[in-house]
Amino acid sequence: MVHNFNSGPSILPKVVYEQAAQAIADFNGTGLSILELGHRTSHFQAVMDEAVALVKELMQLDANKEVLFLHGGASTQFFQVPFNLLPQGKKAAYLDCGMWGTKAIKDAKLYGDVQVLGSSKDKNYTYIPNNYTVDADAVYCHITSNNTVEGTQQHEWPDTQVPLISDMSSDILSRQLDFNRFGLIYAGAQKNIGAAGVNLVVVDKNMLGHNDRSMPPMLDYRQHIANGSMLNTPPVFAVYVCMLTLRWLKEMGGIAAIEPINQAKADLLYQALDRLPVFTPTVAKEDRSLMNAVWIMEDATLEALFLEQCKKEGMIGIKGHRSVGGFRASMYNAMPLSSVQALVQLMEHFAHTHG
Ligand SMILES: Cc1ncc(COP(=O)(O)O)c(C=O)c1O
């Protein structure tokens, strides 16, 4: 038995990879593998259309929102966002809450002025700053809703009228939010949406067209919208896996059904971390992520032993990010409660023998 705590690419619902495997052998009785399917066929158009429709339905998006599936991962959005939305000589506000947000800030500085609202670097990004004011002349305010590496999550949005932009790579579709509150949302697919190789972008049409920078078509959101995410060859298989995963989430009952399960998994693990003194959670309680829990051991010399026991029990991907150390359990939508229960059982046993 394997319990997949990988941070991304990460666990997918079994039904999704079984259906994907079937489609590799024969896509919907066409006699072709999905890997051989032309993206201009009606078969693939139906996949893309369903994926887009499912995103709109699950996120309850209003008519102003465009849904794109693009290449380049979330990292491409670090520069595509300011390239499109931050005109030369204008300012954007960014919250500095972790490794990924820092990269987004670095890229934005290539295109305009950046107001860094606040930073939790002073404490190794273990909290979310909340004492800041967004300049009213900023064209947008960028946050990372969930910091995958450090294990923090935004539970409140910046108090501003400026359009919000969020990197939601590691918590999209995991909790009920007013997604229409955002001018743009982006997320690498490889955690809660599907397979690696594609990136979801939800953009409000009103955000576009205010910038006279010359753009290669591949960087221009308007071109991607006009071409239905098929300006060039899309990552056909990755989009297909997204569609299957979105279908699975809808059949589960959507975000409203998955949110309490995610909460239950996180509660179980954080309660164990708070109860067992051998483990030390690293993040401020009020900023803890429901998706990625991070902890160290009180006695660092026990870390190798605990990791060894995790491996023996089939706990995969539990080692912390190299920049943080310790441990990280990623509990995305597809992770069953039983895997977190198994981890907590192991932690209790370990605490008993080594506490
Ligand atoms: C919050 C966040 N943003 C951005 C990225 C980068 O994504 P990609 O590797 O798809 O570029 C990651 C990757 O894990 C992430 O967790």
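**View 1. The shell around the ligand draws most on helix H3.** With three residues, H3 gives the most to the shell around the ligand. Helices like this one are DSSP runs of H or I with at least four residues, strands are runs of E with at least two, and both are numbered from the N terminus. This is a predicted model, where local features need pLDDT of at least 70 and side-chain atom pairs count only at pLDDT 80 or more, while totals for chains, interfaces and linings use all residues. Residue numbers start from 1 along each chain as its sequence is written. Around the ligand you'll find Gly 8, Gly 73, Ala 74, Ser 75, Trp 100, Thr 144, Thr 148, Asp 167, Ser 169, Ser 170 and Gly 188; a residue makes this list if its C-beta atom, placed from the backbone, lies within 6 Å of the molecule. Sorted by class, the shell has two nonpolar, eight polar and one charged residues. Here Ala, Val, Leu, Ile, Met, Phe, Trp, Tyr, Cys and Pro count as nonpolar, Asp, Glu, Lys and Arg as charged, and the others, Gly among them, as polar.

**View 2. Helix H4 has a buried face.** In H4 (residues 99-108), the buried residues are Trp 100, Gly 101, Ala 104 and Ala 108. Buried means that 20 or more other C-beta atoms lie within 10 Å of a residue's own; 12 or fewer is exposed, in between is partly exposed, and C-beta atoms are placed from the backbone. Looking down the axis of H4, the buried residues fall within an arc of 100°, so they line one face of the helix; the arc is taken from the directions from the helix axis to the C-beta atoms. The cover over them includes helix H3 (73-85) and strands E3 (91-96), E4 (113-119), E5 (138-144), E6 (146-147) and E8 (164-167).

**View 3. Ala 93 sits in strand E3**. Ala 93 counts as buried because it has 28 C-beta neighbours inside 10 Å. Not counting residues up to four places away in sequence, Ala 93 touches Gln 115, Leu 117, Val 134, Asp 135, Ala 138, Cys 141, His 142 and Val 162. Touching, or being in contact, means that two C-beta atoms, placed from the backbone, lie within 7 Å.

**View 4. The largest nonpolar core has 105 residues**. Such a core is a set of buried Ala, Val, Leu, Ile, Met, Phe, Trp, Tyr and Cys residues joined through C-beta atoms within 7 Å. Ala 51, Leu 184, Val 239, Tyr 240 and Cys 242 have the most contacts inside it. Helix H6 (residues 236-252) gives the largest share, eleven residues. Domain 1 (3-9 + 254-354) and domain 2 (14-252) both contribute residues, so the core lies between them.

**View 5. Domain 1 meets domain 2.** Here 27 residues of domain 1 are in contact with 26 residues of domain 2. The domain bounds come from an automatic or database domain assignment. On the domain 1 side, helix H7 (255-275) and strand E12 (292-297) each supply at least two residues, and H7 gives the most, with six. That side has 13 nonpolar, ten polar and four charged residues.

**View 6. Leu 219 is in the loop between strand E10 (199-204) and helix H5 (221-226)**. Leu 219 is partly exposed, with 15 other C-beta atoms within 10 Å. Apart from its neighbours within four places in sequence, Leu 219 is in contact with Gln 80 and Phe 83. The C-alpha atoms of Leu 219 and Phe 79 are separated by 9.1 Å, though these residues are 140 residues apart along the chain.
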